[in-house]
Amino acid sequence: DLALRYAKQRGKNRVERYQQGYDELLRRRGTLTGELRHAIDRDQLHLVFQPVVALPSMRPVGAEALLRWTHPELGRVGPVEFIPVAEESGLINRIGAWVLEQACKQLAEWRAKGHDVWLSVNLSPKELHNSDYAAQVADVLAEYGVPPQRLVLEVTEHAVATDMEELVRRLAELRETGVRIALDDFGAGYSSLTQLRTLPVDILKIDHALVAEPESRTGTAAPLVDVVVRLGHRLGLEVLAEGIGTPAQREIVEEAGCRLGQGSLFGWGVPAEHFESRLLSLRSSATRPAPAPRSSP
Ligand code: C2E
Ligand code: MG
Ligand code: MG
Ligand code: MG
C-alpha cells in the first residue's frame with residue numbers, strides 16, 4: 001500500500017544519500033592524497049607557532065608548532081583532516097621530517113636573536129615505527145645547533161592505543177638524545193593511568209576538552225583538572241593545560257597548581273614572522289614579581 005511504498009522509498013533514499021556521502025568522502029580523500037603529495041614541493045605548507053606561558057605570571061616560555069596547508073583551489077585544509085590522510089598514505093614521514101626541520105631552523109633563528117624559548121612539535125605515531133627516527137632527530141638538532149632540551153616532541157594519547165612496547169622503546173631512545181617528550185591530549189579518553197605510568201614522558205598536556213567546559217567552579221571540570229594536575233606532579237611530570245580560552249579557565253587551572261598554559265587567551269598560532277612581536281607583547285604584559293610593600297607616608 002501507499003504507506004509501505006513511501007517507507008521503502010524513504011529507506012532507499014537514505015541508503016542512496018549515505019552512499020553519496022561515502023562516495024564524496026572517498027573522492028575528497030583521494031584528492032587530498034594526490035595533492036598532499038606535492039604540497040611540500042609547491043610550498044603550500046607552513047607552520048604557525050602558538051605561545052606557551054608560565055602560570056601564573058603568563059611569561060612566555062615556549063611555543064607549539066602547528067602545521068598549516070593552504071591549497072590554491074581547495075583553500076585551507078586543517079590538520080585534523082589532512083594528518084590522517086598523510087598517515088594512511090605514508091606521506092607522514094616526509095611531512096614530519098619537513099616539520100621537524102622547519103621547527104629546528106626556526107628555533108635556531110630565535111635563539112640567535114636571544115629568545116630562549118622551547119619549541120614543541122607534534123609527532124605522528126606512524127613516524128615512531130621508523131627505527132632510526134631518534135637518529136634523525138639527533139641529526140637535525142646537530143645540523144641547526146639546537147640544544148636537545150629545547151625541543152619537545154608531542155605524542156598524542158591516540159598513539160598509546162598502538163603497540164605499547166614499541167612506543168616505550170622508541171620514546172626511550174628519543175629521550176636519550178636529550179629531547180623532552182610530552183603526552184598530548186591527556187584526558188581525551190584513550191590512555192589509561194597504567195599506561196601513563198609506563199610511558200617515558202616529561203610533560204603531561206591536559207586536553208582542552210577537560211579545560212574548556214568550566215565557567216564555574218561548581219562544574220565537574222575543576223575537580224578533574226585538579227586531579228590530573230596533581231597526578232602529573234606526583235609522577236614527577238610537568239603539567240601543561242591546553243585550550244585555555246577565558247580568564248575563568250585560567251583561574252581554575254592556576255588554582256589546581258598547573259604551571260604551564262596554552263590557548264587562545266594567550267594567543268592562537270601565528271606565522272613565524274609575527275611570533276616575535278607576540279613574544280614581546282606577552283613579555284611586557286606578564287606580571288612582574290610582586291613589588292615590595294610600600295611603606296606608608
Ligand atoms: P594538538 O597538538 O592538541 O594541538 C592543539 C590544537 O588546539 C590546535 O589545533 C590549536 O590551534 C588548537 N587550539 C589552541 N588554542 C585553543 C583554544 O584556546 N581553544 C580551542 N578550542 N582550541 C585551541 P590545530 O592546529 O587545528 O591542530 C589540530 C591537531 O592536528 C593537533 O592537536 C595535532 O594533533 C595535529 N597536528 C598539528 N600539526 C601537526 C604536525 O605538524 N604533525 C602532526 N603529526 N600532527 C599535527
Ligand atoms: Mg600538540
Ligand atoms: Mg593537544
Ligand atoms: Mg588535540
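Donors here are N, O and S atoms within 2.8 Å of the metal (3.2 Å for Na, K and Ca); water is not among the atoms, so sites may look incomplete. With that in hand, the donors of the magnesium ion (ligand 3) follow the spacing D-D-x56-E along the chain.

The model is predicted: local features need pLDDT of at least 70, side-chain atom pairs count only at pLDDT 80 or more, and totals for chains, interfaces and linings use all residues. Residues are numbered from 1 along each chain as its sequence is written, chains are lettered from A and ligands numbered from 1 in the order in which they are written, and side-chain values use heavy atoms, with hydrogens and water left out.

The protein chain has 11 helices and 10 strands. These are DSSP runs, numbered from the N terminus: helices are H or I with at least four residues, strands are E with at least two. The C-alpha trace spans about 95 × 50 × 40 Å along its principal axes. Of the 297 residues, 42% count as buried. Buried means under 20% relative accessible area, exposed means over 50%, and partly exposed lies in between (1.4 Å probe, protein chains only).

Contacts tell how the chain folds back on itself. A contact means heavy atoms within 4.5 Å. Among contacts between residues at least 6 apart in sequence, 69% join residues at least 24 apart.

Now the surface and the charges. The protein chain exposes about 15,900 Å², and carbon and sulfur atoms supply 53% of it. That area comes from the Shrake-Rupley method with a 1.4 Å probe; for residues, only the protein chains shown count as cover. The chain carries 35 positive and 40 negative side chains, and the centres of the two sets lie 4 Å apart. Lys and Arg count as positive, Asp and Glu as negative; His and the chain ends are not counted. Each charge is placed at NZ of Lys, CZ of Arg, CG of Asp or CD of Glu.

Go next to the metals. Which residues hold the magnesium ion (ligand 3)? Asp184 (OD), Asp185 (OD), Glu242 (OE) and Glu242 (OE) coordinate this ion, at 2.0 to 2.6 Å. Two of these residues come from distant parts of the chain: Asp185 sits in strand β6 (residues 180–186), Glu242 in the loop between β8 (238–241) and α10 (247–255), and 57 residues separate them. Asp185 and Glu242 are both buried.

The magnesium ion (ligand 2) has its own set of protein donors: Glu64 (OE), Asn122 (OD1), Glu154 (OE) and Asp184 (OD), lying 2.0 to 2.2 Å from it. Their spacing in sequence is E-x57-N-x31-E-x29-D. Glu64 lies in strand β2 and Glu154 in strand β5 (residues 151–156), so this pair ties together parts that are 90 residues apart in sequence. Glu64 counts as buried at 4% relative accessibility. Glu154 is buried too, with a relative accessible area of 2%.

What joins the two sites? Asp184 coordinates both magnesium ions, ligand 2 and ligand 3, which are 4.0 Å apart.

Leaving aside neighbours within four places in sequence, Glu242 is in contact with residues including Glu64, Asp184, Asp185, Lys205 and His208.

Side chains of opposite charge can pair when their charged atoms come close. The criterion is a side-chain nitrogen of Lys or Arg within 4 Å of a carboxyl oxygen of Asp or Glu. A search of the whole structure finds 14 salt bridges.

Lys205 and Glu64 meet in a salt bridge at 2.9 Å, N to O. Lys205 is in strand β7 (residues 203–206) and Glu64 in strand β2 (residues 60–71), 141 residues apart. Both residues are buried. Glu64, Glu154, Lys205 and Glu242 are linked in a network of salt bridges.

Glu81 pairs with Arg28, the closest N and O atoms being 2.8 Å apart. Glu81 belongs to helix α2 (residues 79–89) and Arg28 to helix α1 (residues 2–39), 53 residues apart. Glu81 is partly exposed at 31% relative accessibility, and Arg28 is partly exposed at 32%.

Arg250 and Glu254 meet at 3.1 Å, N to O. They are separated by about one helical turn, because they are four residues apart in helix α10. Arg250 counts as buried at 19% relative accessibility, whereas Glu254 is partly exposed at 22%.
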